[in-house]
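Here are my notes on the model, as numbered points. Please read them with the structure open.

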Amino acid sequence: MGAAPSSPGHSEKRPAETAEYLVGTFVGEKSFPLGSDFWQKLLELPLHLRWPADRVREACQLFAQNNSCTRHLAKILIHLAQCLQECMSVSGAPLAAYVKASNAAYISSVFLKHLIENAQSNSVEELYLSLNASEPIPPDFVVDQNVEHLVMHNVLKFIGLVDVSPNTCSLHQELLNFLFVALSTQLLYAPTPGPTDMNPFIDAVMTQESSLVTMVVHRLLLNYIMRPRIALNVGTYPPFGEAGQPGVLQRVGSAAANLVLLPFNYLVSSNGQGVRNPLAECSLHVLLILNYYRKCNPGDESITDTSDDSGTSDSFSKSFVENPYCKALENMRDIDLDRVDIEKNAHNPSVVRLPFASLFDTLGMCLTDETAALLLYTLLNGNSDFLEYVLVRTDVDTLLMPILETLYNTSRRSSNHIYILLIILLILSQDSSFNASIHKMILASVPWYQEHLLHQTSLGSLMVIILIRTVKYNLSKLKDLYLHTTCLATLANMAPHVHRLSAYASQRLVSLFYMLSRKYNKLAERIDEKRGKGGLVEENDLALDMSAELHIYADFLRIVLEILNAILTYALPRNPEVVYAIMHRQEVFQPFKSHPRFNELIENIFLVLDHFNSRIDAQKEDGEWSVEKVLQLIISICRSWRGEGMKMFTQLHFSYEQESHPEEFFAPYIWRLTFSQCGYTFDPSAIILFPPDLPLVEGEEGEQTTRHENGELKHHDVLLDV
């Protein structure tokens with residue numbers, strides 16, 4: 001291949017003005033000074049190269065061999081920073097300026113990605129991001145500048161400062177692609193951050209001034225909300241393109257001619273997943289990658305304790321540098337809410353201010369997308385203002401309906417997606433006004449629910465139905481403890497506020513108790529069978545596992561009984577259908593009446609049964625009782641119900657608490673989503689952040705993700721507030 005890759009054309013001549021020759025020279029042995037006109041020629045020409053993948057790899061390998069001497073990576077990054085500065089220094093810069101910057105970002109991405117993928121040591125020096133001491137320096141360049149800080153500052157400044165327009169849209173997309181590459185050093189390390197991790201570009205992003213951080217977070221979220229539509233899917237082509245694909249300049253021209261900013265409702269499909277929009281999706285992924293990045297405090301040597309064979313981290317000793325992007329999201333405020341006199345944030349440049357209404361509507365339209373669900377979780381869990389805004393909305397069904405429909409299709413979704421949605425519901429259920437309001441919202445129909453005709457059903461009843469259905473699916477398929485816990489915790493939070501629960505939801509609730517009781521009884525029988533005549537059970541792993549599982553099911557049964565008790569104790573007059581469902585299946589409670597673990601919770605149920613049974617039996621009725629007559633009588637008895645003799649139990653209240661080190665789950669998760677949704681690729685053999693030999697995320701609807709430890713939400717805390 002020589003100093004420059006051979007030409008793919010038919011002529012042996014290589015004019016100095018051709019992109020083929022210039023790129024070949026860029027990767028070769030000759031070092032060009034920072035002020036050489038070579039750089040202008042390279043960046044001003046359209047990249048029309050049609051190189052196959054093996055030739056691109058060969059060029060990258062040659063570049064890697066020579067970069068230590070030429071320092072061309074540092075120089076192209078400096079020129080990228082200077083091109084961006086030129087674009088920002090002139091109001092309405094010419095298209096040619098954006099073309100140069102796009103080319104600089106694209107070329108930088110190709111070769112930087114190769115160097116990161118093939119890093120041989122845990123050292124930033126391998127990238128050679130500094131200039132040689134003997135390098136001729138142009139008069140307008142400060143010698144002691146940190147290259148990674150300079151380029152990231154200008155990349156972020158352009159994204160935050162320059163509006164998306166026909167001239168700038170392609171450059172915005174190219175810079176987001178560049179950020180994926182620059183941030184991808186995170187893939188080279190384990191999910192638990194260590195003191196020796198080297199992420200020079202991410203660390204440079206984290207040290208930017210707060211006003212710039214605010215602008216970047218604002219722009220990335222605005223891109224997601226506005227979803228600027230570009231007819232051509234720019235910025236997602238393989239390096240230097242394949243046959244028939246446009247070069248960088250062609251992409252700029254096409255995108256400039258086809259960029260439109262449409263009203264939101266024109267950009268969203270009816271299936272709850274926003275129309276694929278590269279700029280919006282990449283903006284959101286970059287924001288979430290930044291939000292969940294953690295860096296160990298310098299000098300913190302006691303990060304992990306690997307003295308045992310498990311290799312797990314001893315997390316209590318970890319300490320991290322504050323993440324300004326996470327802080328900016330947590331402090332974000334609603335631009336439509338005047339808080340000047342309260343918090344004095346109206347003109348504070350370090351506070352992100354966005355229209356919460358537009359963000360709410362965008363999320364509602366896109367929640368079947370995993371990344372949208374992750375953003376909603378991030379905001380509800382971290383930003384108290386946004387959580388409060390959601391809770392006071394009278395159309396919370398905008399969020400709940402796509403969440404419930406996605407949970408209905410659990411078998412076609414990734415387990416992580418299901419977890420995130422269930423935690424969102426748990427967070428919302430912590431608010432009593434939310435629990436009350438969802439029962440006042442009546443749905444004319446639920447066309448996607450196939451098992452039963454749901455007509456004039458309350459949103460609260462639908463939520464109960466879907467949560468119970470999710471538990472039953474988990475019992476038969478996933479058998480995941482934390483999914484059970486989250487669903488039952490949400491139902492427990494809702495129970496005291498249940499109002500006119502539908503007949504079908506009431507039946508499902510009693511049916512849930514029956515299903516759990518059968519599981520419990522079968523386990524108890526199996527344990528009894530293994531007991532010897534002396535009443536001893538063989539102490540092996542299987543026996544211990546069965547005993548632990550029996551204890552878990554006992555806890556689940558107690559929670560369901562607590563749910564029924566809360567409804568009967570605090571909301572019986574408003575829920576005749578629950579009384580009817582319990583009376584109809586009263587035999588399922590009988591075996592637990594004298595059980596030492598459940599008898600106190602069963603007492604209230606039988607007190608209600610005795611009360612209603614005696615009054616119904618006292619009614620003389622010729623012929624058979626119809627369902628309608630029994631229900632009408634129950635409604636009548638409910639009106640005079642006073643609850644005498646009922647034991648008052650403390651209301652269960654569960655709250656969600658994110659683990660102290662969420663990056664161990666979220667960093668792998670968001671990167672896997674980035675691979676799936678943004679067209680970004682990385683050498684699987686170089687990835688340490690998560691197992692690369694497993695499917696990255698769920699593919700087409702119906703495909704299941706292979707479950708694994710890294711990148712799976714295996715643990716979260718559901719706390720019982722006493």
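1. A contact here means heavy atoms within 4.5 Å. With that cut-off, and leaving out residues up to four places away in sequence, Arg-294 touches Pro-193, Phe-320, Asn-323, Cys-326, Pro-662 and Glu-663. Keep in mind that this is a predicted model.

2. Stay with Arg-294 for a moment. The residue sits in the loop between α11 (278-291) and α12 (324-330). Arg-294 is buried, yet has no salt bridge. Which side chain of opposite charge is nearest to Arg-294? That is Glu-663, 4.1 Å away. The side chain of Arg-294 does reach a backbone oxygen, that of Asn-291, at 2.9 Å.

3. Now the overall picture. The protein has 722 residues, and 54% of them count as buried. Its secondary structure comprises 27 helices and 8 strands. Take the contacts with a separation of 6 or more: 76% of them link residues 24 or more positions apart. The accessible surface is about 31100 Å², and carbon and sulfur atoms account for 51% of that.

4. The largest nonpolar core holds 230 residues. Its members that touch the most other members are Phe-26, Leu-42, Leu-363, Leu-374, Tyr-377, Phe-589 and Phe-612. Which helix gives this core its largest share? Helix α23 (residues 541-570) does, with 14 residues.

5. Phe-589 is then in contact with Val-510, Phe-513, Leu-561, Leu-564, Ile-582, Ile-602, Ile-605 and Phe-606.

6. On to charge pairs. Side chains of opposite charge can pair when their charged atoms come close. The count here is 14 salt bridges. One of them joins Arg-333 and Asp-385, at 3.6 Å from N to O. Arg-333 lies in strand β3 (residues 333-334) and Asp-385 in helix α16 (residues 384-392), so this bridge ties together parts that are 52 residues apart in sequence.

7. Asp-555 belongs to helix α23, while Arg-597 lies in the loop between α24 (576-584) and α25 (599-617), so the pair ties together parts 42 residues apart in sequence. Both ends are partly exposed. Asp-555 has a relative accessibility of 31%. For Arg-597 the value is 29%. Elsewhere, salt bridges with shared partners join Asp-361, Arg-393 and Asp-395 into one network.

8. Look inside that network. The side chains of Arg-393 and Asp-395 meet at 2.7 Å, N to O. Arg-393 counts as buried, at 19% relative accessibility. The cut-off matters here, because buried means under 20%. Asp-395 is partly exposed, with a relative accessible area of 23%.

9. Helix α14 (residues 356-366) next. Which of its residues are buried? They are Phe-356, Leu-359, Phe-360, Thr-362, Leu-363, Gly-364 and Cys-366.

10. Ile-468 lies in helix α20 (residues 459-478). The residue is buried, with a relative accessible area of 1%. Not counting residues up to four places away in sequence, Ile-468 touches Leu-491, Ala-505, Arg-508, Leu-509 and Leu-512. Ile-468 and Ser-511 are 43 residues apart in sequence, and their C-alpha atoms are 9.1 Å apart.

11. Last, His-551 in helix α23. Its relative accessible area is 43%, so His-551 counts as partly exposed. Ala-524 is 27 residues from His-551 along the chain, and their C-alpha atoms are separated by 9.9 Å.

Methods:
Residues are numbered from 1 along each chain as its sequence is written. This is a predicted model: local features need pLDDT of at least 70, side-chain atom pairs count only at pLDDT 80 or more; totals for chains, interfaces and linings use all residues. Side-chain values use heavy atoms; hydrogens and water are left out. A nonpolar core is a set of buried Ala, Val, Leu, Ile, Met, Phe, Trp, Tyr and Cys residues joined through side-chain atoms within 4.5 Å. Buried means under 20% relative accessible area, exposed over 50%, partly exposed in between (1.4 Å probe, protein chains only). Helices (H or I, at least four residues) and strands (E, at least two) are DSSP runs, numbered from the N terminus. Accessible areas come from the Shrake-Rupley method with a 1.4 Å probe; for residues, only the protein chains shown count as cover. Lys and Arg count as positive and Asp and Glu as negative; His and the chain ends are not counted. A salt bridge is a side-chain nitrogen of Lys or Arg within 4 Å of a carboxyl oxygen of Asp or Glu. A polar contact is a pair of N or O atoms within 3.5 Å; within protein, one must be able to donate a hydrogen and the other to accept it, and residues adjacent in sequence count only if both atoms are side-chain atoms.
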